[in-house]
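Have a look at the sequence and the model, then read on.

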Amino acid sequence: MPDIPVGAQIFDLAFHPNRPIVVTGLLTGHVKAFGYDEQGNHEAKFSLRPSKRSCRTLAMSEDGAQIWAGGKAKAIHTIDVGTGEIVDTRAAAHDAPINRMKRLLPNLLASGDDDGVIKLWDPRKPDAVRKYTQHFDFISDFLWLDDKKQLVATSGDGTLSVMDVRSKKMEPVAQSEDQEDELLSILSIKGGQKIVVGTQLGVLSIFNRKSGWGDCVDRIPGHPQSIDALCAIPSHYPNAHSTILTGSSDGLLRAVQLLPTKLLGVVADHGEFPIERIAVDMNGEGRWVGSAGHEDVLKMTDLKEVFEDDDAEEDEDDSDDGESDGAQGNTPSDEEEEDVPEHKVPAEALETEAASDEETHNNQGQPVSDDDEVTEERKKRKRKKDIDPLNAMKRKKGKNELEAEPAFFADL
């Protein structure tokens with residue numbers, strides 16, 4: 001699909017869960033929506049400007065009817081996706097610019113600001129229902145663990161925290177040690193049992209939920225610059241439980257397989273522009289992946305061309321191997337030669353057979369055993385010379401080396 005020009009730098013993007021619509025939040029404060037099709041065509045749906053300050057983050061409702069927008073203005077705007085109009089505004093929702101938002105449940109929304117404050121919102125109520133202050137630097141990303149109803153947040157202060165939204169306590173149930181690096185993005189793999197965190201130094205940190213949240217259990221280097229965005233691939237692709245998409249500051253969108261670690265290839269290239277956000281359409285199960293950098297276009301990449309072509313090549317290789325094996329299997333062996341009927345055996349063959357029978361007997365008329373034949377063959381083989389252990393340690397003489405008797409040095 002051709003790139004979608006939006007007219008300004010993109011801070012965030014969000015796809016409609018079941019319709020081909022993508023919404024972008026721009027540096028100018030605009031929120032623009034575009035429709036697209038399978039052929040790569042796109043059209044503008046709506047454009048509005050809730051604030052003159054930048055729109056940093058977007059969050060789509062479960063049914064796609066509404067989208068929440070937040071940014072430097074510290075307010076949360078509710079936008080109707082069907083009409084493209086603002087239906088609600090929560091002014092001064094935070095005391096600092098809002099950096100990240102995520103929908104957790106149908107009636108629960110999380111937001112994090114530049115000061116590390118996290119708030120939980122019920123869209124039906126004007127005020128926040130929870131407030132967490134365990135972080136002292138910006139909130140970079142959120143992860144929702146539906147099985148435990150827990151929210152995991154990463155921060156620029158080098159830690160991640162876990163909050164149970166069912167608890168009324170205003171403190172997290174767990175918080176990691178200082179990782180001595182900014183944590184910028186987070187994603188779950190292996191069915192939610194392991195957590196991947198992207199860092200400023202380009203290292204992927206692996207957390208194991210069974211081992212606790214205190215520290216990571218593995219660190220995977222390899223990215224030359226910071227890993228600002230992580231995204232899962234659709235579940236119908238092979239190894240989807242351990243394959244992720246990474247957006248880095250070097251402008252490359254990569255497909256990486258974890259445990260075992262393997263770089264599958266580059267999905268998209270933004271040139272010199274860092275990649276800030278990546279997302280897959282149709283609630284993460286679609287065909288297109290959208291990536292946004294510090295450029296004025298939204299890049300849409302077809303995942304079928306990336307993953308299904310590799311699968312087709314593997315199938316071709318397997319089929320070629322199968323054909324070669326089949327060809328070898330059809331070749332008749334010496335043991336499977338057809339027997340010739342007795343009445344068709346020529347006289348020359350009978351004479352040759354009689355001669356061979358005579359040769360298999362010795363002078364005394366006794367048949368030669370197999371052991372005697374093996375002994376004769378061993379006698380014919382040349383015997384290897386025994387290597388002298390003293391001479392074996394001698395090395396070859398170099399080009400400029402001379403041989404001298406030990407007595408020559410005795411008189412010196």
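## Around Gln257

Leaving aside residues up to four places away in sequence, Gln257 touches Asn239, Ser242, Thr243, Lys262 and Leu264. The model is a predicted one, by the way. You'll find Gln257 in strand E24, which covers residues 252-257.

Is Gln257 buried or exposed? Its relative accessibility is 13%, and since anything under 20% counts as buried, Gln257 is buried.

Leu259 and Pro260 are joined by a cis peptide bond, with omega at about 5 degrees.

Leu259 has another feature to look at: its phi is positive, near 50 degrees, and it's a residue other than glycine. With a relative accessible area of 27%, Leu259 is partly exposed.

## Lys149 and its positive phi

Which loop holds Lys149? It's the one between strand E14 (139-145) and strand E15 (150-155). Lys149 isn't a glycine, yet its phi is positive, at about 55 degrees.

As for how much of it shows, Lys149 comes out as partly exposed, with 25% relative accessibility.

## Cysteines and disulfides

A quick bit of background: a disulfide is a covalent bond linking the sulfur atoms of two cysteines. How many disulfides does the structure hold? The count is 0.

Cys55 is buried, with a relative accessible area of 5%. Cys216 counts as buried as well, at 16% relative accessibility.

## Aromatic rings

To describe a pair of aromatic rings, you give the distance of the centres and the angle of the planes. Here the count comes to 2 aromatic pairs. One of them is Phe15 with Tyr36: the ring centres are 6.2 Å apart and the planes sit at 85 degrees, so this pair is edge-to-face. Why edge-to-face? Because planes over 60 degrees apart get that label, and these are at 85 degrees.

The pair links distant parts of the chain, as Phe15 and Tyr36 are 21 residues apart. Phe15 belongs to strand E2 (residues 10-15), while Tyr36 belongs to strand E4 (residues 31-36). Both partners are tucked away: Phe15 counts as buried at 9% relative accessibility, and Tyr36 counts as buried at 7%.

Definitions and conventions:
Residues numbered from 1 in each chain as written. Predicted model: local features only at pLDDT ≥ 70, side-chain atom pairs only at ≥ 80, totals over all residues. Heavy atoms only, no water. Helix = DSSP H or I, 4+ residues; strand = E, 2+ residues; numbered from the N terminus. Buried < 20%, exposed > 50% of the residue type's maximum accessible area, 1.4 Å probe, protein only. Contact = heavy atoms within 4.5 Å. Disulfide = S-S within 2.5 Å. Phe/Tyr/Trp six-rings, centres within 6.5 Å; stacked < 30°, edge-to-face > 60°.
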